[in-house]
Amino acid sequence: MSLKRNIAANYASQLYTTLIGIVLVPVYLDTMGSEAYGLVGFFAMLQAWFNLLDLGLTPTIARESARFRGGAISALDYRRAYRSLSLIFISIALLGGSVLFGLAGTVADHWLKLGHLPTSEVIIALQIMAASVALRWMGGLYRGVVSGSERLVWLSGFNAVIATLRFVAVMGSMWIWGFTLKVFFWHQLAVAGLEVLVLLWMCHALLPGRREIPQAVGWSLKPIKGMLRFSLSIALTSSVWVLVTQSDKLLLSGILSLSEFGYFSSAVLVAGGITLLTSPISGSIMPRMVKLYAEQRNAEVQRIYCSATQLVAITAGSAASTMAWCAQPLMFAWTGNAEVADRTAVILSLYATGNGLLAISAFPFYLQYSRGRLRHHLIGNCAMGLLLVPTVLLAASHYGAVGAGSVWVAINALYLVTWVAYTHSQLQPGLHVKWLRDNVLVVVLPAQVLGLLSLMIADSGDRLVALVHTLSFALACLALSIASSSDARQIIRKFWEDRAVGRT
């Protein structure tokens with residue numbers, strides 16, 4: 001399967017999923033109200049926190065799937081690993097979902113700051129959330145098999161269909177049965193159930209059949225004992241990752257009113273598009289890097305690593321620059337509400353900058369993942385979490401969302417400058433300076449110069465002008481980044497050379 005095709009399919013799906021979710025937020029705000037949308041934002045955060053229970057199992061099954069395809073393990077060992085992980089996934093889904101269901105009343109009464117929403121309605125919504133989160137998390141096992149098998153074109157199309165059902169079709173359900181929290185979350189639960197059933201079917205279609213397995217698979221947890229070190233490293237890293245990326249949102253959900261949290265969630269959702277832009281690349285390169293490393297083709301691993309860095313610098317870098325420098329006109333063009341734009345512009349700018357830094361800082365993890373050794377990533381994320389959580393708590397308590405966003409930028413910048421450099425020096429001596437200079441700085445710096453120049457353009461207060469301003473800046477950033485990327489220039493040059501040859 002072509003890596004370029006996988007990345008292209010992932011990007012198309014992720015772009016569609018991200019855009020459709022973002023575009024419809026103003027509709028949700030208008031039809032449901034900011035307070036109800038705050039609960040939708042809480043739902044998204046709850047799904048992220050539920051990933052603490054993953055225990056590194058999803059990346060583990062994805063890696064084992066890639067290793068099976070690379071010939072590193074047998075069909076029998078692979079099926080045994082899958083069955084063992086299935087037992088753990090099912091158990092955690094039942095336990096975690098039950099705990100969340102039981103805590104619904106406590107969260108509604110003592111954590112969320114409700115305004116006009118009835119407490120009883122919020123409790124029911126939280127209970128439905130618990131079931132939805134457990135189902136969607138269960139799908140992680142099946143997604144791991146599909147992605148590790150590099151069936152990413154199919155997965156991308158399926159993700160687009162599910163996104164349409166979640167974000168668009170829900171408007172039809174609410175139009176029929178009412179624009180209420182109950183209808184919204186019951187619809188999400190139905191989509192989650194459909195999603196996990198289809199993923200289960202595809203997963204079993206990809207697993208090796210009985211004819212390929214010489215003996216009974218059996219029911220035991222013993223097959224995953226050899227993976228525990230890798231899984232636990234992923235688990236601790238994932239736990240720290242959730243703390244790093246979600247602690248501010250959790251704290252602010254209890255500090256801000258639910259209505260204010262709704263506005264905050266809308267800005268963070270837009271900034272989160274940067275992170276979502278990088279996931280198709282990581283989802284495509286990680287199984288390929290694992291396979292190449294298993295085949296001892298280390299030069300190709302490093303080539304993919306550097307090329308993917310440039311691709312992230314172009315896409316995520318352009319998006320982060322646009323959101324950071326054009327935050328106010330972007331939010332105004334999106335919502336049509338000048339007050340919302342003014343209240344969320346600084347938050348968007350800060351979180352976009354922090355997420356852009358995070359997208360680049362994540363790359364050493366991919367290199368370690370391919371080797372199955374996550375020691376440096378684990379230590380770095382633990383240190384980052386220990387520094388971030390108390391700092392965010394202090395800043396959010398005194399300065400709210402702006403304080404949390406400022407800390408987010410500072411910590412991610414510090415991590416890139418210090419720990420990423422150290423990790424590269426341990427894994428690939430001599431790589432870091434060249435990697436940072438040729439694949440990151442050369443690509444993203446021209447857009448920052450453009451951003452400084454854009455400050456001289458005064459806001460007109462017209463929504464259409466704000467939209468044109470934002471789109472023009474985004475396209476200019478993208479063009480500059482592509483022109484500054486050696487890989488992008490080579491691809492464009494080859495494209496035109498092939499076309500010239502085809503004409504002769």
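Me: In which helix is Ile 128 found?
Reply: The model is predicted. In it, Ile 128 belongs to a helix that covers residues 119–148. That helix is H7.

Me: Is Ile 128 buried or exposed?
Reply: Burial requires a relative accessible area under 20%. Ile 128 has a relative accessibility of 5%, so this residue counts as buried.

Me: Which residues is Ile 128 in contact with, leaving aside its neighbours within four places in sequence, and what separates the C-alpha atoms of Ile 128 and Leu 189?
Reply: With those neighbours set aside, Ile 128 is in contact with Lys 182, Phe 185, Trp 186 and Leu 189. Ile 128 and Leu 189 lie 61 residues apart along the chain. Their C-alpha atoms are separated by 6.9 Å.

Me: Which residues of H2 are buried, and how do they lie around the axis?
Reply: The buried residues of H2 are Val 25, Pro 26, Tyr 28, Leu 29 and Met 32. They cover an arc of only 160° around the axis, and therefore lie on the same side of H2.

Me: Why does Met 32 count as buried?
Reply: Met 32 is part of helix H2, residues 25–32. The cut-off for burial is under 20% relative accessible area. Met 32 counts as buried because its relative accessibility is 14%.

Me: Is H15 roughly parallel or oblique to H16?
Reply: Helix H15 (residues 363–371) packs on helix H16 (residues 375–427) with the axes 10 Å apart and an angle of about 50°. That angle makes H15 oblique to H16.

Me: Is the crossing of H15 and H16 left-handed or right-handed, and what classes of residue make the contact?
Reply: The crossing of H15 and H16 is left-handed. On the H15 side the contact is made by Pro 364, Phe 365, Leu 367, Gln 368 and Arg 371. H16 contributes Arg 375, His 376, His 377, Val 420, Thr 423, His 424 and Leu 427. By class, the contact of H15 with H16 has 5 nonpolar, 5 polar and 2 charged residues.

Note on methods. Residues numbered from 1 in each chain as written. Predicted model: local features only at pLDDT ≥ 70, side-chain atom pairs only at ≥ 80, totals over all residues. Heavy atoms only, no water. Helix = DSSP H or I, 4+ residues; strand = E, 2+ residues; numbered from the N terminus. Buried < 20%, exposed > 50% of the residue type's maximum accessible area, 1.4 Å probe, protein only. Axes fitted to C-alpha atoms, helices over the stretch in contact; angles between N-to-C directions. Parallel < 35°, antiparallel > 145°, perpendicular 65-115°, else oblique. Left-handed = near helix turned anticlockwise from the far one by under 90°. Contact = heavy atoms within 4.5 Å. Nonpolar A, V, L, I, M, F, W, Y, C, P; charged D, E, K, R; others polar. Arc of directions from axis to C-beta.
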